[in-house]
Amino acid sequence: MSNVDKVPTALIVEGGGLRGIFSAGVLDAFIENNFYPFEIYIGVSSGSGVIASYLSGKLGRMSAVFSDYARRPQSISIVRFLSGGHLMDLDWLWEITLKELPLDYDVIFERKSKFLIGLTSVTAGGAVYMQPTPENFIDLVKASCAIPMVYRNFPLIDTQPMVDGSIADSLPVQAAIAQGAQRIMVIRSRHQHYQKTWNPITHLVAAYALRKSPALKATFAQRTTRYNQTLALMRNPPLGVEILEICPPKAYKASLFGRSAIHLKHGYALGLKAGHQAMAQWKNRV
């Protein structure tokens, strides 16, 4: 593609807890091939961490986070949760992984691209997209991963409480379009034909847990509708916008908090394979 014909490009990585092992595999394939064709990166929840490792050029980092560190009892503990603590202790997880698997901030911030981290405002209930600096990078990614109820604190970003970006916008395709992107790759943690369904039990629990945060409660109640509306947008994008979805197969077994080593290993392998296919598809459309 000539410079005259070049259009703005974006990469979006969906969250989904440990389902993100698939995205980690895709982006490790990209790292192996020095494949960085995007101008805009948008990550929400665990997807923001996956993009951070990709931009840092750390091959295998997020695979280790998902398949090792996140499976440890210090990370996920039902006993601790029932005793009033976190189900997933992001403080412990971030501290140990940054110490033992450090990111290369120089590499990340030397790239001539825009990296946006998706958050959800607790007070306003809306999606917030912030471009990190070296000073707030870790705070933003941690806040984007802070699932209400699972992680019991509301992280403060510039004195404002923020939580998991996927609450307000799981698939920030519209945000990428608003940034001017015309060719968008979306790496998902669900199979291509997945549609979010309304779960009355989940919503009853959320309504009670978020009763003191009415805006966030209202946003959570609309998650199913917004998710499926975004899927419709992806299948029928605006004129001049092209979207490529990279999805795990329907038989993909990794789950939000599933700690099966077999499922995670298989999910990573599926991601590596999909990553090579994604590069070929992207290049063929150039």
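1. Among the elements that line the largest pocket, α9 makes the greatest contribution, with four residues. The model under discussion is a predicted one, and the remarks below should be read accordingly.

2. The volume of the largest pocket is about 740 Å³. Its lining comprises 30 residues, of which Lys196, Thr202, Phe220, Arg223 and Leu256 lie closest to the centre. Two elements, α9 (200–209) and α11 (223–235), each supply two or more residues to this lining.

3. What is the make-up of the lining of the largest pocket by class? There are 13 nonpolar residues, together with eleven polar and six charged ones.

4. The second largest pocket holds about 170 Å³ of space. One part of its lining consists of Pro148, Met149, Tyr151, Arg152 and Phe154, and the other of Ala209, Leu210, Arg211, Lys212 and Ser213. By class, six of the lining residues are nonpolar, one is polar and three are charged.

5. Met149 deserves a separate comment, as a residue of the lining of the second largest pocket. Its phi is near 80 degrees, which is a positive value in a residue other than glycine. Met149 is placed in the loop between α7 (137–144) and β5 (156–157). Is Met149 buried, partly exposed or exposed? Met149 counts as partly exposed because its relative accessibility is 25%, a value that falls between the limits of under 20% for buried and over 50% for exposed.

6. A positive phi is also found at Asn34, another residue other than glycine, where the angle is near 50 degrees. The loop that contains Asn34 runs between α1 (21–32) and β2 (40–44). With a relative accessible area of 62%, Asn34 is classed as exposed, since the cut-off for that class is over 50%.

How values were computed
Residues are numbered from 1 along each chain as its sequence is written. This is a predicted model: local features need pLDDT of at least 70, side-chain atom pairs count only at pLDDT 80 or more; totals for chains, interfaces and linings use all residues. Side-chain values use heavy atoms; hydrogens and water are left out. On a 1 Å grid over the protein atoms alone, a cavity is a set of points where a 1.4 Å probe fits but cannot get out, and a pocket is an open set with protein on both sides within 12 Å along at least five of seven lines; lining residues have an atom within 4 Å of a point. Grid points are joined across faces, edges and corners, and a volume is the space filled by probe spheres set on the points. Ala, Val, Leu, Ile, Met, Phe, Trp, Tyr, Cys and Pro count as nonpolar, Asp, Glu, Lys and Arg as charged, and the others, Gly among them, as polar. Buried means under 20% relative accessible area, exposed over 50%, partly exposed in between (1.4 Å probe, protein chains only).
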